[in-house]
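Please open the structure in your viewer and keep the selection panel at hand. The stops below say what to select and what is there.

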Amino acid sequence: MRNVVRAFVVIAVVAVSTLGEGGASASSLLVSHVLLATAFAVFAVFFANPSYAASRGPVRAWLCFAGFAAAGALVAPYAYAAWLVLIELLAFGTLFWLACGDPPVLSRMLPAAVAGLASAHGLAAVVEKASGSPRPASTFLNPNHLAAWLAVAALFLAGTTLARELPARVAWLYRAAVALALAGIFVTGSRGAVLGLAAGAAALVAATWSGLAVRARRRMVAASVVIVLAVGAGVVVRFLEDNDPYRFHRTKIWTASLRAALGSPLLGVGPGQFAAAAPNLNFPLENTPLRFERSFHTPHSDVLRAVCEFGFPAAFAAFAAVALALQELFRRRHELTAVGRGAVAALVGLAAQCCVDDLSVRPAITMTSAALAGLVLSRPRATPARVATGVAVARSVLVVLALGAAEVAGYLAWSAANGLPSGRLDARHLDRLHRALGWNPMQPGSWQRLAEHEVGDGRSWRLPEYAAAREAGERAVRLQPADAYYTRAAARVEATACLSILPLVATRERAAKLYDEAGRLAATDATIPLEASKFLLQAGDPAGAARAATQALRIEPRAATPRLWLAKAILQQDGPAGVAEARRLLDEAQGLALREGEAPSSSYDAALRGVDRQLVDALRRDLAPKPGG
C-alpha cells in the first residue's frame, strides 16, 4: 500500500506541475513543494528501507553538480534568486528519490496519468489554435515549453503501447492520447519539439530493434519518419503564417550568452543571475530603427545555461550525470520494460531539445523528467538499506524547512504583495506590503515598492518620507546589486527629492551617480541615460544632461527623443551659439520619430522614438528668431 501512495504522490506532483504556468505559478509551486516535503518526511523516516535504489554513478555526478551550484549560490549577488534555483534542484532530487522507490508500481500507474494530461493539454492547444491564437501554449505560457512536454508524453506513451501484455482497449486509448499530443505539437510550430521528437523516436526504435521482426522494424521506422515529418509540417505552417524576422535570432543569443561563461568560467554568473547579466550581453540588430530593442533573459539553451549560470565544472558534472545515465541504460537495455523504453525515449528527446531551448525554467518539464529518470535509473537493492534514524530525521527536517516552511513563507509574501496598486498606498494596502516584507525580507521588489509608496506623487512628501524611501530603495539595491532596475529606481528617489524637497547639488550628484551605475549594469539600454538627461536638465546641469543624451545616442544612434533633450541642453548651455546645432538635432529627431498613426513596437521604442509634442513646440519657440534679434 505504501508503494501505491508513493507512486500517487509522484503522479500528483507531475499533474500539479502542468497547471498554472507550467508549474511556475506561485500556487502550483506551493502545492507541489509541500507535497514533496510531506512525502519525503513520511517515507524517509517511517519507510526508510525501500527495495529499490538509484544507480550510484549518475546520482553522484548530479550531487557533484548540485554542490557546485550551492557554491555558486553562496557568492551570487542576488541571493534570493540563487535560493530559488537551489529549491528547484532540491525539488527535482526529492521527486527523483520518490520515483526510485518502487518502479513496478509507478510503471503501472504513471502512463494512465500522463495519457490523461497529454490529452487535455493537446486538445487545449488545438482549441486555442482554432480560436485564433497564433501559437497556443495551454497552461504553459510558452508554446515551446508546452510542445516539449507533449513530446515527452507522446514518446513515453508510444513506448508503453508496445507492451505485449497491455490490453488492446488501453493501448488504443494511449494511442489516442499520443495523437492529441502530436496535434498539440503541430499547432505550436515548435522547431525544438520536432528535434526532440526525432531524437526520441530514434532512441525508441533503437531500444526496441532487437525484439522486433523485420517487418515490424520497417513499419516502426516508417511510422516514426512519417510522424516526425507530419509534426515538422507545423513548423512550415507557422513560418508561412507568421513573417517573423527574428526566427533565427536564437543562434546570436547563444553566441552572446557564451561570453558570460567565458567571463566567469569557474562558477558562472551564479544560479538565477543570468537575467541581470543579460543586458550587457545583448547584441545590436541590423536594419532596424533601434539596435537594442529586442532583449533576452535566458540563454535559450539549457546546455548553455549549465555553463553560463553554474560554470564549467558544474556543467561538466551535469553532463557526466547524463552520460553515466545513458551508459547505465545502455548496459541494462535488455532489462527495460516497454514503459521503461518509453521513458528512455522521452528523456533522450528532452535532452535533445534542451540543447536549443530553456526547458529547465518550467517545473512541469523538470518534474516529469525527474519522475521518468527515477523510473528507469532505479535497481533492486542487493541488501536492505540501513539508514540511521537520526540521519533520516535530519534529512527530513532540512527538506521540510526548505520545501515546506520556506515555500509557505514565500507564498504568503507573494500573495500579500500581489496586485498592490501603484503610487502611495492606503493603510490596508500598506499593511499588506509590510506583511509581505515580514514573510520574505529577501525580495528586493517589495522593498522597491515600499520606496515607491514613500515617494508618492513626489510633490507632497517630506524629509521623513524621503529618508524612508531612500533606505528602502538602497536595501533593494543591496539585495540585488547586479540588476539595473533597482539601481535606477533608487536614482529616481534621489532625482525626485532633488526636484522637490532637496534641491541641493549633493542630491543631484547622488542621483547622477546612481543613473551612471544603472547604465553600467545595463549598457545597452538607452532609456537609462535618456532619463538621466531629462533629470539633469531639470536640475540645472545642462552639461551633464548633454553628456547623458549623447550617451543615449551612442547606444541608439537612430533614436529621436535623446536628440530633443540634447538640443534643449545645448541651448541652455551655449545660448545663441548652439542654435544651429539644436536646429539640426530637432530636424533629425522629427525625421526619425514615429510617424503619425504608427504604433510603437515596444515600450523601449515608445521611449526613444515617440517624441513629446510639447517638447518639440517648446524647442521651436526657443529656436524662433527673437523680435529685433
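**A tour of salt bridges and one buried leucine**

Begin by selecting Glu581 and Arg584, whose side chains meet in a salt bridge with 2.4 Å from N to O; the term stands for a side-chain nitrogen of Lys or Arg within 4 Å of a carboxyl oxygen of Asp or Glu. This is a predicted model, in which local features need pLDDT of at least 70 and side-chain atom pairs count only at pLDDT 80 or more, while totals for chains, interfaces and linings use all residues. Residues are numbered from 1 along each chain as its sequence is written, and side-chain values use heavy atoms, with hydrogens and water left out.

Stay with this pair for a moment: because Glu581 and Arg584 are three residues apart in helix α25 (residues 579-592), about one helical turn separates them. Helices (H or I, at least four residues) and strands (E, at least two) are DSSP runs, numbered from the N terminus. Glu581 is partly exposed at 31% relative accessibility, and Arg584 is partly exposed at 37%; here buried means under 20% relative accessible area, exposed over 50%, and partly exposed in between, with a 1.4 Å probe and protein chains only.

Next, select Glu598 and Arg609, which form a salt bridge with 3.5 Å from N to O. This pair links distant parts of the chain, eleven residues apart, with Glu598 in the loop between α25 and α26 (603-609) and Arg609 in helix α26. Glu598 is partly exposed, with a relative accessible area of 34%, whereas Arg609 is buried, with 10%.

Now move to Glu494 and Arg470, a salt bridge in which the closest N and O atoms are 3.5 Å apart. Here too distant parts of the chain are linked, since Glu494 lies in helix α20 (residues 484-498) and Arg470 in helix α19 (residues 463-479), 24 residues apart. Glu494 is buried at 3% relative accessible area, while Arg470 is partly exposed at 28%.

The structure holds 25 salt bridges.

Finally, select Leu110 in helix α5 (residues 103-130). Is Leu110 buried or exposed? At 2% relative accessibility, Leu110 counts as buried. Leaving aside neighbours within four places in sequence, Leu110 is in contact with Ile11, Phe156 and Leu372, where contact means heavy atoms within 4.5 Å.
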